[in-house]
Amino acid sequence: MSANLKLRLRQSVGIVSNDGLVDFFKANVRDILKIKMNFDDIINLLKFFNGSRTIDEVCRDYNIGHNKISLSQLLELSTLLHKEYIL
């Protein structure tokens, strides 16, 4: 996936993060994706995916004043979430 791709979080997706598990609820198809990750700020990070920022810009903007995430980690996460129709 390209770092220049602009993605947005789908409006039909609900997110719950608790104790290293993140549940993504796709309301329109009543499907759940569960991911185990050690990243407590996932919800705030995903708010940066608004369709107007590239993945590279999300990485840059999020890393200002928040927990740090590398571009390669963000690309891996965004690739998975894009494949699963969350982004």
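## A buried lysine to start with

Is Lys26 buried or exposed? In this predicted model, Lys26 has a relative accessible area of 8%, so the residue counts as buried. Its charged side chain has a partner: Lys26 forms a salt bridge with Asp31, with the closest N and O atoms 3.5 Å apart. Asp31 has a relative accessible area of 36% and is therefore partly exposed. As a general point, side chains of opposite charge can pair when their charged atoms come close.

Three strands make up an open sheet, in the order 2-3-4, with antiparallel pairing. Strand 2 (13-18) and strand 4 (31-36) are the edge strands, each pairing on one side only. From one strand to the next, the twist averages 15°.

Strand 3 covers residues 21-26 and pairs with strand 4 in the antiparallel sense over 6 bridges. Within this pairing, Phe25 stands opposite Ile32 of strand 4.

Lys34 and Asp23 meet in a salt bridge, at 3.5 Å from N to O. Lys34 belongs to strand 4 and Asp23 to strand 3, so this pair ties together parts that are 11 residues apart in sequence.

Now for the rings. The model has 2 aromatic pairs. In one of them, the ring centres of Phe39 and Tyr62 are 6.2 Å apart and the planes stand at 55°, so the pair is tilted. Phe39 sits in the loop between strand 4 and helix 1 (42-47), while Tyr62 is in helix 2 (residues 55-62), so the pair ties together parts that are 23 residues apart in sequence. Phe39 and Tyr62 are both buried.

Tyr62 also pairs with Phe48, this time edge-to-face, at 5.6 Å centre to centre and with 90° between the planes. This pair links distant parts of the chain, 14 residues apart: Phe48 is in the loop between helix 1 and strand 5 (50-54), and Tyr62 is in helix 2. Phe48 is buried, as is Tyr62. Together, Phe39, Phe48 and Tyr62 form one aromatic cluster.

## Helix 2 and its packing

Which residues of helix 2 are buried? They are Ile55, Val58, Cys59, Asp61 and Tyr62. These buried residues pack against strand 1 (6-8), helix 1, strand 5 and helix 3 (71-83).

Asp61 deserves a look of its own. This residue of helix 2 is one of the buried ones. Leaving aside residues up to four places away in sequence, Asp61 touches Phe48 and Arg53, and Phe48 is also a member of the aromatic cluster.

The side chain of Asp61 makes a polar contact of 2.8 Å with the side chain of Arg53. A polar contact of 2.9 Å also joins the side chains of Asp61 and Arg60. Arg60 and Asp61 form a salt bridge as well, with their closest N and O atoms 2.9 Å apart. Arg60 is partly exposed, with a relative accessible area of 48%. Through salt bridges that share partners, Arg53, Arg60 and Asp61 are joined into one network. The count for the model comes to 4 salt bridges, among them Lys34 with Asp23 and Lys26 with Asp31.

Technical notes. Residues are numbered from 1 along each chain as its sequence is written. This is a predicted model: local features need pLDDT of at least 70, side-chain atom pairs count only at pLDDT 80 or more; totals for chains, interfaces and linings use all residues. Side-chain values use heavy atoms; hydrogens and water are left out. Two strands pair if DSSP finds at least two bridges between them. Helices (H or I, at least four residues) and strands (E, at least two) are DSSP runs, numbered from the N terminus. Axes are lines fitted to C-alpha atoms, for helices over the stretch in contact, and angles run from 0 to 180 degrees between N-to-C directions. Rings of Phe, Tyr and Trp (its six-membered ring) pair if their centres lie within 6.5 Å; planes under 30 degrees apart count as stacked, over 60 as edge-to-face and the rest as tilted. Buried means under 20% relative accessible area, exposed over 50%, partly exposed in between (1.4 Å probe, protein chains only). Contact means heavy atoms within 4.5 Å. A polar contact is a pair of N or O atoms within 3.5 Å; within protein, one must be able to donate a hydrogen and the other to accept it, and residues adjacent in sequence count only if both atoms are side-chain atoms.
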